[in-house]
Amino acid sequence: MIDKFIPTPEAALADVPDGATVLIGGFGNAGMPAALIDALIAQGARELTIVNNNAGNADTGLAH
């Protein structure tokens, strides 16, 4: 069986290039992948197209 486990959000996002399209699931605070979104922001890719049904709140999630 192929091991698809990636140990950290940072490792999962390391290869996201500028201009990528990123699909983010979840709805509301309960389903929002906050650690993944924070790691994507820290990763630094620019000019991303984000497809999502939730913008986040104040300074969390995609609103950040």
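Colleague: Which helix is leucine 36 found in?
Modeller: Leucine 36 sits in helix H3; helices here are DSSP runs of H or I with at least four residues, strands are E runs of at least two, and both are numbered from the N terminus. Keep in mind that this is a predicted model, where local features need pLDDT of at least 70, side-chain atom pairs count only at pLDDT 80 or more, and totals for chains, interfaces and linings use all residues. Residues are numbered from 1 along each chain as its sequence is written, and side-chain values use heavy atoms, with hydrogens and water left out.

Colleague: Is leucine 36 buried, exposed or partly exposed?
Modeller: Leucine 36 counts as partly exposed because its relative accessibility is 35%. Buried means under 20% relative accessible area, exposed over 50%, and partly exposed in between, with a 1.4 Å probe and protein chains only.

Colleague: What is leucine 36 in contact with, leaving aside neighbours within four places in sequence?
Modeller: Pro9 and Leu13. Contact means heavy atoms within 4.5 Å.

Colleague: Switching to the core, which residues make up the largest nonpolar one?
Modeller: There are 10 residues in all: Leu13, Val16, Ala20, Val22, Ile24, Met32, Ile37, Ala39, Leu40 and Ala45. Helix H3, residues 34-43, gives the most to this core, with three residues. A nonpolar core is a set of buried Ala, Val, Leu, Ile, Met, Phe, Trp, Tyr and Cys residues joined through side-chain atoms within 4.5 Å.

Colleague: Take valine 22, then. What does that one touch?
Modeller: Not counting residues up to four places away in sequence, valine 22 touches Val16, Leu40, Thr49, Ile50 and Val51.

Colleague: Where is glutamate 47?
Modeller: Glutamate 47 lies in the loop between H3 and strand E2, which covers 49-51. Its phi is positive, about 55°, although this residue is not a glycine. Glutamate 47 counts as exposed because its relative accessibility is 73%.

Colleague: Nice. Zooming out, what pattern does the protein chain follow?
Modeller: Along the sequence it reads α-β-α-α-β, with three helices and two strands. The C-alpha trace spans about 40 × 25 × 15 Å along its principal axes.

Colleague: How many of the residues are buried, as a percentage?
Modeller: Buried residues make up 20% of the 64 in the protein chain.
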